[in-house]
Amino acid sequence: MSSIVPSSSSPSKCNAVLVQHINAPISIVWSIVRQFDKPQVYKRFVQSYSMISGDGGIGTVREIHIISGLPAAISIEQLDILDDNFHVVSFSIIGGDHRLPNYRSIMSLQEKNGEPEKTIVTEFFTVDVPIGSTKEDCLSFICNLVMEP
């Protein structure tokens, strides 16, 4: 089960929250999403990737080559937060040939209350609305990237 909820912000910002319920314990889900150096495991739009700098910890920079058919080929991303105690990971897009200026994603995991075999993943993202686009266009584009097919 997934749902995405736009949040209010200035006309020049597009913000939303994606909530997913996953039928797996938090330890398994976290072991996958914390791997900044292996994005193809949990991001469906990754064709290939390479590490530009870092060892997978905070400050690491990766270059993602995006599958064909999307309006971009390369995204350069930096790991900003990696907290194993609170199950939080965050990255920023710092370059590439896409229209996602100042994109930032913050993902947190929580065990579902009373159901230790289930995990709730909450991802907040924010991005500047590109010139010539609307907030709705921007949200639609990002939803197509982060939502399951």
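**Note on aromatic contacts and a surface patch**

1. The charged end of Arg62 lies over the ring of Phe36, at 3.8 Å from the ring centre, in what is a predicted model. The charged end of Arg62 also sits over the ring of Phe91, here 5.4 Å from the centre, and Phe91 leads on to the aromatic pairs.

2. By the ring-centre rule, the count of aromatic pairs comes to two. In one of them, Phe91 and Tyr103 have ring centres 5.9 Å apart with planes at 35 degrees, so this pair is classed as tilted. Distant parts of the chain are linked by this pair, since Phe91 belongs to strand β6 (residues 88-96) while Tyr103 lies in the loop between β6 and β7 (104-112), twelve residues apart. Phe91 and Tyr103 are buried.

3. Tyr103 and Phe125 have ring centres 6.2 Å apart and planes at 15 degrees, so the pair counts as stacked. This pair, too, links distant parts of the chain, with Tyr103 in the loop between β6 and β7 and Phe125 in strand β8 (residues 115-128), 22 residues apart. Both Tyr103 and Phe125 are buried, and Phe91, Tyr103 and Phe125 make up one aromatic cluster.

4. On the surface, a nonpolar patch is formed by Ile28, Ile32 and Val41, which together have about 230 Å² of accessible area. Val41 is located in the loop between α1 (26-33) and β3 (46-53).

Notes:
Residues are numbered from 1 along each chain as its sequence is written. This is a predicted model: local features need pLDDT of at least 70, side-chain atom pairs count only at pLDDT 80 or more; totals for chains, interfaces and linings use all residues. Side-chain values use heavy atoms; hydrogens and water are left out. Patches are made of residues with over 30% relative accessible area and no salt bridge: like charges are joined within 9 Å, nonpolar side chains (Val, Leu, Ile, Met, Phe, Trp, Tyr) within 5 Å. Accessible areas come from the Shrake-Rupley method with a 1.4 Å probe; for residues, only the protein chains shown count as cover. A salt bridge is a side-chain nitrogen of Lys or Arg within 4 Å of a carboxyl oxygen of Asp or Glu. Helices (H or I, at least four residues) and strands (E, at least two) are DSSP runs, numbered from the N terminus. Rings of Phe, Tyr and Trp (its six-membered ring) pair if their centres lie within 6.5 Å; planes under 30 degrees apart count as stacked, over 60 as edge-to-face and the rest as tilted. Buried means under 20% relative accessible area, exposed over 50%, partly exposed in between (1.4 Å probe, protein chains only). A charge sits over a ring if NZ of Lys or CZ of Arg is within 6 Å of the ring centre and within 35 degrees of the ring normal.
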